[in-house]
Amino acid sequence: MKTFADFTRHAIASTVFLAIVIPAVAQKAPTPPSWALKAERTVNGPEADLLVRTGDINNLGFGWPDGFDPFSGKSTPGHGYPWDPRPGAPAGTDRILVGSVDTAKDANSHSHDGYTNYAISHRDSSMPVPITLDIGALPAKVNVVVLQMFLDDFQAPVWGSHFQITLNGTRIPSFEAAINSLQQTGPIGKLVTFKLLSEYWPLLRSGKVNVLIDDPTTHIPDGYAIDFVRLLVNPRPFKYAVSLTCSVVDAATHKPISGATVDAATATSTSDSTGKCTLKNLPAGLVTASAIAPGYDEQVIPVDIEAGASGHANFELKRHSEGVADIERSIGQSGSAAIYGVHFDTGSATLRPDSTAALENVLATINKRPDSHWIISGHTDNQGSADLNQKLSQARAASVIAWLVTHGVAANRLKPQGFGASHPVADNSTEAGRALNRRVEMQLVQ
């Protein structure tokens, strides 16, 4: 007997197949001349103190329907497949891509989207490569940084893929949570805006940023495409501004959660005693809103909001669980797992007795892979000096490794690493965010 999920997947696959026979849009809307440029760098322009773009703004070469503005928040109509990379298109844009580890065997073993067959058979052009943004010098004062991408056909919740996003080789967890929430069946494209947390701004100082989107872990093919990428430093008010109202409750009890931090693009708010909050002046498009609270897993909800409309997101947060199965699931998806049950006193690297249960689960996970090697990393919030936090996080990672070694794990299989506050998963401006940033992570190396 077919389940509802079976019928849903069949419908999705049928929709993708039908998109093959939809012709390219006949009518093209008049567009600003700058959109035809392969790259743009504008200082003190109408949109931001600094705007840098790679990729022409042309809907993967299909053009825009008459009167269509890609910044208005509307999704593109279904279109054909961008089979071959267009001549002159910057690397990583205007072409079908699929995860770097995916093979023909993976495609035969898993259900997948319509882009995949072409991508697997054309690995010379479908391999994920960085999209380079030539940023140059930053403004003297940086207040806000956002990354905008016009993304096409990302469907991680449908197929079970899991994308990683790196800037100059550094993973950005908040970006990954957002992109792995997208369901762009069609294929259709949509503008998506991400706020870059301040701890990652040093990545921009080199004057060049390589943005890479890849699924290097799951072996589940999920083809995708990228029309353009823009970085805006100190953006002006958005031309198409929208608002989002949110409610945050406990998934099990449905009771309101007060003090939860809710983020979307450039706006941040905190839920009140009824679990509600509102975010204003967001850019139109696919708004990826996230909610976090101490003791709960983060939830990300994508909300389509077109210009002139408002959206709503109902968050149901689940209590965080760190059993062996939970850790295994996280490692299978992303190659790493955050552990919050390992506790230290403030300013100390000495393990507290209430860390034992979490440490035993970490040990059991490692023992299930006898020949594996791991990086154990420590992370802090941004309270205190950067130098002290880095040293403290390194010492805490070493304490975890010392415990594992005394319980039978060979020392040469474990490497400690301290990141201090430099790799946050949430905004440090709230207690909920700081609580999520204080963590130990285990990363599978091999």
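This report walks through some strands and one tyrosine in a predicted model.

## Ground rules

Because the model is predicted, local features need pLDDT of at least 70 and side-chain atom pairs count only at pLDDT 80 or more, while totals for chains, interfaces and linings use all residues. Residues are numbered from 1 along each chain as its sequence is written, and side-chain values use heavy atoms, with hydrogens and water left out.

Let's start with β9, residues 225-235. Strands here are DSSP runs (E, at least two residues) and helices are too (H or I, at least four), numbered from the N terminus. Of the 11 residues in β9, 10 are buried, so the rest of the structure largely encloses this strand. Buried means under 20% relative accessible area, exposed means over 50%, and partly exposed is in between (1.4 Å probe, protein chains only).

Two strands pair if DSSP finds at least two bridges between them. Strand β2 (residues 48-54) runs antiparallel to β9 with six bridges, and Thr 54 sits opposite Val 229. Strand β4 (residues 145-152) is also antiparallel to β9, joined by seven bridges; here Leu 147 faces Leu 231.

## A four-strand sheet

Elsewhere in the text of this fold, there's an open, antiparallel sheet ordered β3-β8-β5-β6. Its edge strands, β3 (131-134) and β6 (170-171), each pair on one side only. Four bridges link β5 (residues 164-167) with β8 (residues 208-214), and Thr 166 has Leu 212 as its bridge partner.

Tyr 340 lies in the loop between β17 (336-339) and α8 (356-367). Tyr 340 is partly exposed, at 22% relative accessible area. Leaving out residues up to four places away in sequence, Tyr 340 has contacts (heavy atoms within 4.5 Å) that include His 320, Glu 322 and Arg 438.
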